[in-house]
Amino acid sequence: MQFSTSVIATALLGLVAAQKVHVVSVSSANKSLAFYPDNLKPAVGDMIQFQFLAGNHSVVQSNFDNPCTPIQQHDSTQKGMFSGYMNVAASAATGMIPTYTMNVTTDKPLWLYCSQGKHCQAGMVMVLNENTAANASRSLAAFKELSAKAPQNLDPFAIGSTTGGATPTGAVGGTTSTIPSPTGSASGTPAQALGSMVSVSAWTGLLSIAAALAML
Ligand SMILES: *[C@@H]1O[C@H](CO)[C@@H](O)[C@H](O)[C@H]1NC(C)=O
Ligand SMILES: *[C@@H]1O[C@H](CO)[C@@H](O)[C@H](O)[C@H]1NC(C)=O
Ligand SMILES: *[C@@H]1O[C@H](CO)[C@@H](O)[C@H](O)[C@H]1NC(C)=O
Ligand SMILES: *[C@@H]1O[C@H](CO)[C@@H](O)[C@H](O)[C@H]1NC(C)=O
Ligand SMILES: [Cu+2]
């Protein structure tokens, strides 16, 4: 039996180049004010799925220098992402958790925060593609320090902005949906573990490997 290395290599390439869905848990069973993980390096084309596990939180985009305020407040050419507020309690009643999934369209740093109460000041912030090689001052740690001192925590509604999809349902820049809760009774694909990653093309890759093996 002779393995066709080129066919297998092609199948494996499909796995390597797989588009990834990075799961970020928003808060947790202990109602902590944090994102898990809070520092991710997604590739352009990857997706981030925020899974809202407890409370009433949001994900909003700011820039580095003006934490806890929507990015479009400081640069009207920007359409900052905004998940809207996710009603975890309403979903929990049906054994589901709300999610918001955004596409990553840049490899530049994206600074994100929760606009609820003073959650941003409390450290409920995160970064995609932190790049301290480009500017050593712009680290997640420095962003947390700046956030802690921010005078206010504003959502896009507060600045009269509807860009970035400032509606609680179906925000622009991402898609909302509900998935079965890890502890719920609804059937279907269970929520991913904290900070885990799933590859949407993994099955395609595996199927091509199976097809390649079947041809041997
Ligand atoms: C809350 O849960 C998160 C996620 O499991 C964990 O990382 C964190 O340490 C917990 N915090 C407390 C105070 O238990
Ligand atoms: C969630 O928080 C937002 C902003 O504070 C508020 O407008 C909304 O009514 C809250 N939703 C629930 C279900 O409590
Ligand atoms: C690096 O980032 C800091 C904080 O945003 C900023 O003040 C500084 O001008 C930046 N440096 C360069 C070289 O862009
Ligand atoms: C994100 O990308 C996928 C394809 O990879 C596409 O189907 C989807 O519509 C995109 N979502 C948004 C909100 O642009
Ligand atoms: Cu929050």
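A residue counts as buried when its relative accessible area is under 20%. The structure described here is a predicted model, and this cut-off is applied below to several of its residues.

Q51 is part of strand β4. Its relative accessible area is 1%; that value is under 20%, so Q51 is classed as buried. The side chain of Q51 also takes part in a polar contact of 2.7 Å with the side chain of Q49.

Strand β4 contributes to the largest nonpolar core as well. This core comprises 20 residues, and the members that touch the most others are F35, I48, F50, F52, M102, M126 and L128. Two or more residues come from each of β1 (20–26), β4 (47–52), β6 (96–103), β7 (110–113) and β8 (125–128). Of these elements, β4 gives the most, with 3 residues.

When neighbours within four places in sequence are set aside, I48 is in contact with H22, V24, L40, P42, Y100, T101, M102, V104 and L128. A further core lies apart from the largest one; it has 12 residues, including C68, W111, C120 and L140.

**Backbone geometry**

Most residues other than glycine have a negative phi, and most peptide bonds are trans.

The peptide bond between Y36 and P37 is cis, with omega at about -5°. P37 is located in the loop that runs between β2 (35–36) and β3 (39–40).

C68, which is not a glycine, has a positive phi of about 65°. This cysteine is in the loop between β5 (60–62) and α2 (88–92). C68 is buried, because its relative accessibility is 0%; C68 is also among the members of the 12-residue core.

N129 likewise is a residue other than glycine with a positive phi, near 60°. The loop between β8 and α3 (140–148) holds N129. With a relative accessible area of 9%, N129 is buried.

**Ligand surroundings**

Two of the ligands are described here. The residues around ligand 2 are N56, Y85, N87 and Q116. By class, this shell has 1 nonpolar residue, 3 polar residues and no charged ones. Ligand 4 is surrounded by Q19, M47, N103 and G174, and its shell likewise divides into 1 nonpolar, 3 polar and no charged residues.

| Side chain | Ligand | Distance to a ligand oxygen atom |
|---|---|---|
| N56 | ligand 2 | 2.5 Å |
| Q116 | ligand 2 | 2.8 Å |
| N103 | ligand 4 | 2.5 Å |

How much of ligand 2 does the protein bury? Taken alone, ligand 2 exposes 360 Å², and the protein buries 42% of that area. For ligand 4, N103 places a polar side-chain atom 2.5 Å from an oxygen atom of the ligand. Ligand 4 on its own exposes 360 Å², of which the protein buries 39%.

M47 belongs to the surroundings of ligand 4, while I48 is one of the residues that touch the most other members of the largest core. L128 is another of these residues and is in contact with I48; N129 has a positive phi near 60°.

Note on methods: Residues are numbered from 1 along each chain as its sequence is written. Chains are lettered from A and ligands numbered from 1 in the order in which they are written. This is a predicted model: local features need pLDDT of at least 70, side-chain atom pairs count only at pLDDT 80 or more; totals for chains, interfaces and linings use all residues. Side-chain values use heavy atoms; hydrogens and water are left out. A residue is near a molecule or strand if one of its heavy atoms lies within 4 Å of it. A polar contact is a pair of N or O atoms within 3.5 Å; within protein, one must be able to donate a hydrogen and the other to accept it, and residues adjacent in sequence count only if both atoms are side-chain atoms. Accessible areas come from the Shrake-Rupley method with a 1.4 Å probe; for residues, only the protein chains shown count as cover. Ala, Val, Leu, Ile, Met, Phe, Trp, Tyr, Cys and Pro count as nonpolar, Asp, Glu, Lys and Arg as charged, and the others, Gly among them, as polar. A nonpolar core is a set of buried Ala, Val, Leu, Ile, Met, Phe, Trp, Tyr and Cys residues joined through side-chain atoms within 4.5 Å. Buried means under 20% relative accessible area, exposed over 50%, partly exposed in between (1.4 Å probe, protein chains only). Helices (H or I, at least four residues) and strands (E, at least two) are DSSP runs, numbered from the N terminus. Contact means heavy atoms within 4.5 Å.
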